[in-house]
Amino acid sequence: MIEKAIELLKAGEIVALPTETVYGLAGDAGNDTAVAKIYAAKGRPSFNPLIVHVYDFAAAEKIGVFSKAAKKFAKKYWPGPLTIVVPKRDKKFAALATAGLDTIAIRVPAHPIMREVLKSGLMLAAPSANISGKLTPTEAKHVAENFPHIYIVEGGKCEVGLESTVITFDEHDNVIVLREGVLQIEDVRGRSRASHQPAERCSIGGPGGPHGEHKKIISPGQLLKHYAPKNPIRINADSPQPNETFIGFGNMKCDFNLSERGSLIEAAANLFSMLHAADALNKPIAVAPIPNEEVGAAINDRLTRSSHK
Ligand code: TXA
Ligand code: MG
């Protein structure tokens, strides 16, 4: 079962896998087409950046730059239900999974099945394996209800049953909680001197377990700066103005084509890398109309938001 999952993932397919928190809908993070399939399957109306799951800290360091504090948290809590957002090492890596950001959310999960898959070297983008808006899946049968056609590796009931805690660090290397989870990060405001041991301020509690007194939660929306091109974007453009870089869709003449054959999955996979490439030409950008259906809705959401400044 695990070998089959690895085979499918390496071929760019998506697979549901158990983790100790919840079941994840996994795809190769470095393969933007595989990641586009995740967004398409979940029916998310927008591209939220996803967590990239890796086997160990050494693998994490290949894709992320860890500050002193970030490293301490990683060493203390991995493998486990903690996700750490750090600067990306290679800006081009996992363009869609990171929604074009130059930071990346990384987690080393503890579930033996997930670990076995990651041991193959795969780095997996994996949001919870449910259709957007439906309940979070903590058993294989929940996943099957949402996705009857997706390969699921049965791993029993998830021990934690709640998504991982997501943290990042500010410019002074102070920890900031972006999403609360089972791992309680306490007193996040208090640490300002290097002599403090941030990791020791953490404890693991169940849902409703001990909360730190000074916990400060910043909702992802507040901190998460979405990738926005430097140049203005005009959307639903049937043709470009002479000074514009034209991003097309379908069979047409353009500078970059999201998908010549009109595939929304392919367009989603190309979106962020083509936006970056077009932006680098330092001219206004025009984008052809994208059908507002399936993953096209997420593409249009992203484009609409980048066209308002
Ligand atoms: O327990 C879990 O974390 C599960 C299992 C399957 O591992 N996965 C999960 O993934 O919940 P996902 O992709 O649904 O959660 C992503 C969270 C969101 O809150 C998102 O805003 C945040 O991580 N996130 C991802 N990348 C980020 C970034 N670069 N900066 C800030 N927040 C980020
Ligand atoms: Mg979720």
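Strands β4 (82-87) and β5 (residues 103-107) pair in the antiparallel sense over five bridges; strands are DSSP runs of E of at least two residues, helices are runs of H or I of at least four, and both are numbered from the N terminus. Two strands count as paired if DSSP finds at least two bridges between them. The structure is a predicted model, in which local features need pLDDT of at least 70 and side-chain atom pairs count only at pLDDT 80 or more, while totals for chains, interfaces and linings use all residues. Residues are numbered from 1 along each chain as its sequence is written, chains are lettered from A and ligands numbered from 1 in the order in which they are written, and side-chain values use heavy atoms, with hydrogens and water left out.

Four of the five residues of β5 are buried, that is, under 20% relative accessible area with a 1.4 Å probe and protein chains only (exposed is over 50%, partly exposed in between).

Aromatic rings were examined next. Rings of Phe, Tyr and Trp (its six-membered ring) pair if their centres lie within 6.5 Å; planes under 30 degrees apart are stacked, over 60 edge-to-face, and the rest tilted. Seven aromatic pairs are found by this rule. One of them joins Phe66 and Trp78 edge-to-face, with 5.9 Å centre to centre and 80° between the planes. Phe66 lies in the loop between α3 (57-63) and α4 (68-77), and Trp78 in the loop between α4 and β4, twelve residues apart. Phe66 is buried, at 11% relative accessible area, and Trp78 is buried at 10%. Apart from neighbours within four places in sequence, Phe66 has contacts (heavy atoms within 4.5 Å) that include Trp78, Ile84, Val86 and Ile106. Elsewhere, Tyr39, Phe47 and Phe272 form one aromatic cluster.

A nonpolar core is a set of buried Ala, Val, Leu, Ile, Met, Phe, Trp, Tyr and Cys residues joined through side-chain atoms within 4.5 Å. The largest has 71 residues, and Phe47, Phe66, Trp78 and Ile84 have the most contacts inside it. Helix α8 (residues 264-279) supplies its largest share, nine residues. This core lies between domain 1 (2-200) and domain 2 (233-307), because both give residues to it; the domain bounds come from an automatic or database assignment. A second, separate core of 15 residues includes Val15, Ile113, Leu118 and Leu122.
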